[in-house]
Amino acid sequence: MKLSLIDLSIILIYFGSVLVIGLYRKKVTDTTDYLLMGRRLTLPAFIMTLVSTWYGGIFAVSEFSYSYGLSNWVIMAMPYYVFGLIFAFFFAKKARLTNAFSIPDLLKRDYGQSAESVSACIILLLTTPAPYVLSMGILLQYHFGLPLPLAIIGSALFCFLYVLKGGFSTVVRTDILQSLLMFIGFMLLLAGAWTHFGSPIETLQVLHNKSPSHLSITGGNSLSYIFVWFFIASWTLIDPGFHQRIYAAKSVQCARNGILISIGFWVFFDAMTTLSGLYAYTWLNQLDSPANAFLELGQIVMPVGLYGIFITGLLAVIMSTLDSTAFISGATLGRDLLPKIIRNAEQQIPIYTRIGTLITLLGACALAILIPSVIDLFYTICSIVIPALLLPILSSLSQKCIIPPKAAIINMILAPS
């Protein structure tokens, strides 16, 4: 689909703004400053960066909400609220007080250096930006007609360019802009759908006659299927981005309260994306690709200019998670792995993190090209990583039931199989 000149200009302004924010950065003073913003992350910034980095797989949300309706909120969202609450009330304080830099750093404290190295390798898989460079590539291919591999590689290199200088501070500052745009984008989409097709109540009445299962909390899925997705939501407890923001928070209260407030924003955003999927299924003709439901709906209900803003909102959703996962992977290589191999690497952690970020993004491009399905990428990664890390991390944070170091390492190696 070709964009109008106005829409294209809005998107280019967005890219330029992200680049300017990324390249403008005061001098990084030390490793803590580069990796964790000097542990000075304030409550508003904590909320905006945590909220925005939670939705990188927006095309998976589009596909699920279009295909299964209201159950998107129950299956793909509600379990994350539950685990978010568990983390806030039971683990946020303990995690922040460790003063760790990363999950491998946390596990090193209780299980030794071998556990640090093994977990770092697993974290590299967990934080691969592959699903997000693929999502970005799909969006660019859809609007600009680029070959998908070229769009994927271009997305990765642009991300590296603006994260390169400032580290975690850059990630947070761009997340602030992106969090605003993602909410504005879907508010505009729903306003356009309401104007074009009628109120949500009218839409739900039509949908009830067309497909009652779309208004079921299960969406016609089995309880075993729902349980699997609930288990996948335990990702929250081991998510390196979650941990990174807690370690960077300026206080225990900031970490706990930030999670609780973020859950409120997640509820609101999930309500908007679910309702958008219901509008798309109710009023659009059968789509060949449900993953494009939000795009197809936006083209119909949004005028020139507003559609461009909506696209920047989608870009913001994807890029906020893309740069976060890329930077965490880079930091895992630059701090948790390379210093064990290269002499005196501790003194050059910011440099090695930049190198690690580039390596990570190139690897993500290869993975995205080989497995061009966002849902398949998520499922593959979760099935391997969650069993490996869940028990050791929770045991370490609980500080009451520490498992033996050898058992932790064996679990990390054998659990995925």
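Predicted model: local features only at pLDDT ≥ 70, side-chain atom pairs only at ≥ 80, totals over all residues.

Mentor: Residues are numbered from 1 along each chain as its sequence is written, and side-chain values use heavy atoms, with hydrogens and water left out.

Trainee: How many aromatic pairs does the structure hold?

Mentor: There are 23. Rings of Phe, Tyr and Trp (its six-membered ring) pair if their centres lie within 6.5 Å; planes under 30 degrees apart count as stacked, over 60 as edge-to-face and the rest as tilted. Trp 54 and Trp 266 are a stacked pair, 5.1 Å centre to centre with 10° between the planes.

Trainee: Where do Trp 54 and Trp 266 sit in the chain?

Mentor: Trp 54 is in the loop between helix 3 (43-52) and helix 4 (58-68), and Trp 266 is in helix 16 (residues 252-283), 212 residues apart. Helices here are DSSP runs (H or I, at least four residues), numbered from the N terminus.

Trainee: Is Trp 266 buried or exposed?

Mentor: Trp 266 is buried, at 1% relative accessible area, and Trp 54 is buried too, at 18%. Buried means under 20% relative accessible area, exposed over 50%, partly exposed in between (1.4 Å probe, protein chains only).

Trainee: New topic. Which residues of helix 21 are buried?

Mentor: In helix 21 (residues 405-414), they are Ala 408, Ile 409, Asn 411 and Met 412. They lie on the same side of helix 21 because they cover an arc of only 160° around the axis (taken from the directions from the helix axis to the C-beta atoms). Lys 406, Ile 413 and Leu 414 are exposed on the other side.

Trainee: And Ser 155, what does its side chain reach?

Mentor: The backbone oxygen of Ala 151, at 2.7 Å. Ser 155 belongs to helix 10 (residues 148-163) and counts as buried at 2% relative accessibility.

Trainee: Last one: which residues touch the most other members of the largest nonpolar core?

Mentor: Ile 58, Phe 87 and Ile 259, out of 138 residues. Helix 18 (residues 306-337) gives the most to this core, with 13 residues. A nonpolar core is a set of buried Ala, Val, Leu, Ile, Met, Phe, Trp, Tyr and Cys residues joined through side-chain atoms within 4.5 Å.

Terms used: Helix = DSSP H or I, 4+ residues; strand = E, 2+ residues; numbered from the N terminus. Polar contact = N/O pair within 3.5 Å; in protein donor to acceptor, adjacent residues only side chain to side chain.
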